[in-house]
Amino acid sequence: MTKKIFRSTCLVALLVFFSSLVLIMGVLYDYFSDVLLHQLKMQTSLVSQGVSTEGIRYFDGLDEEHYRITWMDASGRILYDSQSDSASMENHLEREEIRQALAEGYGESNRYSATLMERSFYSAKRLDDGSILRLGTTHGTIFILLLGMSQPIFLVFAIAIILSVVLAARLSSNIVKPFNTLDLDNPLDTAHYEELSPLLRRIASQQSQLKLKEAQLQQKQEELHAVISNMKEGMILLSADGTILSINPAAAALLNTALDTDSFVKHPQAGTPLSASCNNRTLIHAADSALAGNPQEQKAVFDSRHYQITASPVLSEGTVSGAALLLLDITEKEKAEQMRREFTANVSHELKTPLHVISGYAELIKNNMVKEADICPFADKIYTEAQRMAKLVEDIMNLSRLDEGAGDMQFEPLDLYDAAASAVRSLSPEACDAGVTVELSGDAAVINGIPQLLSGIVYNLCDNAIKYNRRGGSVAVSIQDKPDQAVLTVRDTGIGILPEHQEHIFERFYRVDKSHSKQLGGTGLGLSIVKHAVMIHHAQIFLHSVLAEGTVVTIVFPKTSPNP
């Protein structure tokens, strides 16, 4: 912009200079021509008076250096000429100034030479005797005038150029200075031309909008970064050539676990190729497929955990410009699916045995193949197996409800000691038949819980403590009331559990001694129901057992257990 203003200013200055020069020279030339013509007229008048008085003798000794004097009669014949032989001169009657003098008494004209280098001025006057006196003089044209003044003109031209350059430079700098010193953050605070006010107000408005948009964008970016950074799922964004553009901490941790010990990339980060940051072939294959434009869903294992990889191409104007990889931890889902399959298989197995027993005994009775004395024992066996099936179905239904979160059950304040006392009373006959003593101790402890589930927890723990005890053994149930929690402890003097079985006893259908458990009528779901009920109450369960000495189960309930 400065150069453009500088060039324009210089050009305008030079144009003004040349225009002024032409105008001034033209005006001066016209002025001097008028002065010359006026002097010529005066000289003509003076000479005409002398000729009228003295005749041709007037020209004797007359200084005729600056003027050409011509005297002719009324017919145009030359009587005298100061520069040529009058006898040899042609008739001048057709000359413009002569015709005008004959007609009006005075005439004048001017003519250019053939080379346009001189201009001749003529003044003619008719004398009293009818003769014509003409004076002529020459004057250089405007080109000769310019040529004669070339030296001062060139000097003035040089001075004009220098002044134009200096003034144009300063002027352009001063014009552009408000633009160069403009504070875009606070444009209205900058000294400026009044003509710039609308522009500056518009810039100020745009700046306010940009700052608002920038703040909103920054907030969105921070929110997105916070969300992505705190995601448990891994997320990776790739460029079209497979370079990592963005990776969240969860994904970086996963890639670190998949690196070889001799890998040159120890901390996967933006700017590194995915193939150099991970040697998991499944992940790399999914990424390559997405970069080729084909969405992929794969399952991969990272550090013994199962992940589902969802790779999607990122399209820009119809072409693949990158890929987005999402790594979801499906370990629990896989475990749940495995547990579902195992649960289905176990349920089928648990139901098959009593069904076969019932079917076999019923078929014997149907075909009259049973003695009269054996009918009652057979019927008792059928009834026992049917009760076992009913108990199994009831436990399965309860466990299914607990898997769904027991949403149809309501939390309410209740006394854990009363729930334990009710369970102990219900199990007194079984304890008496087994020769086991059950004792309850402790204080009232009010917690926020679901009555059915709390009763089931105490009942199942006490029932197992009685079933897997020895004759003459004991079961001690105690309730402790603490400021923020209530503690239920069930201690028995039973057979105990080996360490390798202790971490599995809360699994569905898991039995330490399968034959002994079936003889006692257990379904294998009691402790699973206890575990789920404890989780719903946000409680903690602890197990301590010594083989042949007994088992201690402790459950710690928070008093402010929220609704699930």
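1. Rings of Phe, Tyr and Trp (its six-membered ring) pair if their centres lie within 6.5 Å; planes under 30 degrees apart are stacked, over 60 edge-to-face, and the rest tilted. The structure here holds 2 aromatic pairs. In one, the rings of Phe302 and Tyr307 have centres 5.7 Å apart and planes at 85°, so this pair is edge-to-face.

2. A word on what you are looking at: this is a predicted model, where local features need pLDDT of at least 70, side-chain atom pairs count only at pLDDT 80 or more, and totals for chains, interfaces and linings use all residues. Residues are numbered from 1 along each chain as its sequence is written, and side-chain values use heavy atoms, with hydrogens and water left out.

3. Back to that pair: Phe302 counts as buried at 2% relative accessibility, and Tyr307 counts as buried at 8%. Buried means under 20% relative accessible area, exposed over 50%, and partly exposed in between (1.4 Å probe, protein chains only).

4. Tyr361 and Phe378 also form an edge-to-face aromatic pair, 4.5 Å centre to centre with 85° between the planes. Tyr361 lies in helix H9 (residues 331-366) and Phe378 in helix H10 (residues 372-403), so the pair ties together parts 17 residues apart in sequence. Helices (H or I, at least four residues) are DSSP runs, numbered from the N terminus. Tyr361 is partly exposed at 24% relative accessibility, whereas Phe378, at 17%, counts as buried.

5. Do have a look at Lys41 too: it lies over the face of Tyr106, 5.0 Å from the ring centre. The criterion is NZ of Lys or CZ of Arg within 6 Å of the ring centre and within 35 degrees of the ring normal.

Technical notes: Helices (H or I, at least four residues) and strands (E, at least two) are DSSP runs, numbered from the N terminus.
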